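Please open the structure in a viewer and keep the selection panel at hand. The stops below are meant to be followed in order.

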Amino acid sequence: NTPIAVNIPSSVSVPSSVNRGVAVVLDDPRGPVSLAIRELSDVHIRQRFGEPAEVAGPVRKSLFRGRR
């Protein structure tokens with residue numbers, strides 16, 4: 001078995017989504033935490049169990065999207 005090394009960044013969206021009872025990947029799907037969790041599941045875990053990894057396209061950042 002190959003060890004998994006992934007960096008999940010810190011973000012204020014995590015405690016706020018937890019306090020509201022909403023998964024962070026649903027609350028902020030394009031945020032850095034969500035992208036890191038998605039990479040962990042799609043690339044590392046699927047490969048470990050022999051499933052094809054879903055390759056995500058480039059993330060587009062909106063000019064008008066404000067910070068929360």
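Select Ser 13 and Ser 11 to begin: their side chains are joined by a polar contact of 2.9 Å. The model on the screen is a predicted one. Ser 13 lies in helix H1, which covers residues 13-20. Is Ser 13 buried or exposed? Ser 13 has a relative accessibility of 11% and therefore counts as buried, since the cut-off for that class is under 20%. Now display what surrounds this residue. Leaving aside its neighbours within four places in sequence, Ser 13 is in contact with Val 24 and Asp 28.

Next, select Arg 20 and Asp 27. Their side chains meet in a salt bridge, with 2.6 Å from N to O. How many salt bridges does the count give? The count comes to one. Asp 27 has a relative accessible area of 15% and is therefore buried.

Move on to Val 25, whose place is in helix H2. That helix runs over residues 24-27. With a relative accessibility of 26%, Val 25 counts as partly exposed, because this value falls between the 20% limit for buried and the 50% limit for exposed. Which residues does Val 25 touch, not counting those up to four places away in sequence? They are Ser 34, Ile 37 and Arg 38. Now draw a distance from the C-alpha of Val 25 to that of Ala 36: the two residues are eleven apart in sequence and 9.7 Å apart in space.

Helix H3 is the next selection, residues 32-48. Its 17 residues, at 1.5 Å a residue, should span 24 Å. The C-alpha atoms at its ends are 23 Å apart, which agrees with that expectation. To follow the reasoning, note that the expected span is 1.5 Å times one less than the number of residues. Colour Val 33, Ser 34, Ala 36 and Asp 42, which are buried residues in H3. The cover over the buried residues of H3 includes helix H1 and helix H2. An α-helix has 3.6 residues a turn, so residues three or four places apart point the same way.

Stay in H3 and select Glu 39, which has its place in this helix. Its relative accessible area is 42%, and Glu 39 is therefore partly exposed. Glu 39 and Val 6 are 33 residues apart along the chain, and their C-alpha atoms are separated by 8.6 Å. After H3 comes Gly 50, which has a positive phi, near 80°.

Then show the surface and select Val 6, Ile 8 and Ile 37. Together these residues make a nonpolar surface patch of about 190 Å². Ile 8 is found in the segment before H1. Its relative accessibility is 37%, so Ile 8 counts as partly exposed.

Finally, clear the selection and view the whole protein. What order do the elements follow from the N terminus on? They run α-α-α, with three helices and zero strands in the protein. Of the 68 residues, 15% count as buried. The accessible surface comes to about 5700 Å², and 57% of it belongs to carbon and sulfur atoms. Among contacts between residues at least 6 apart in sequence, 42% join residues at least 24 apart.

Notes: Residues numbered from 1 in each chain as written. Predicted model: local features only at pLDDT ≥ 70, side-chain atom pairs only at ≥ 80, totals over all residues. Heavy atoms only, no water. Helix = DSSP H or I, 4+ residues; strand = E, 2+ residues; numbered from the N terminus. Buried < 20%, exposed > 50% of the residue type's maximum accessible area, 1.4 Å probe, protein only. Contact = heavy atoms within 4.5 Å. Areas by Shrake-Rupley, 256 points an atom, 1.4 Å probe, with all protein chains shown as cover. Patch = residues over 30% accessible without salt bridge, like charges linked within 9 Å, V, L, I, M, F, W, Y side chains within 5 Å. Salt bridge = Lys/Arg side-chain N within 4 Å of Asp/Glu carboxyl O. Polar contact = N/O pair within 3.5 Å; in protein donor to acceptor, adjacent residues only side chain to side chain.
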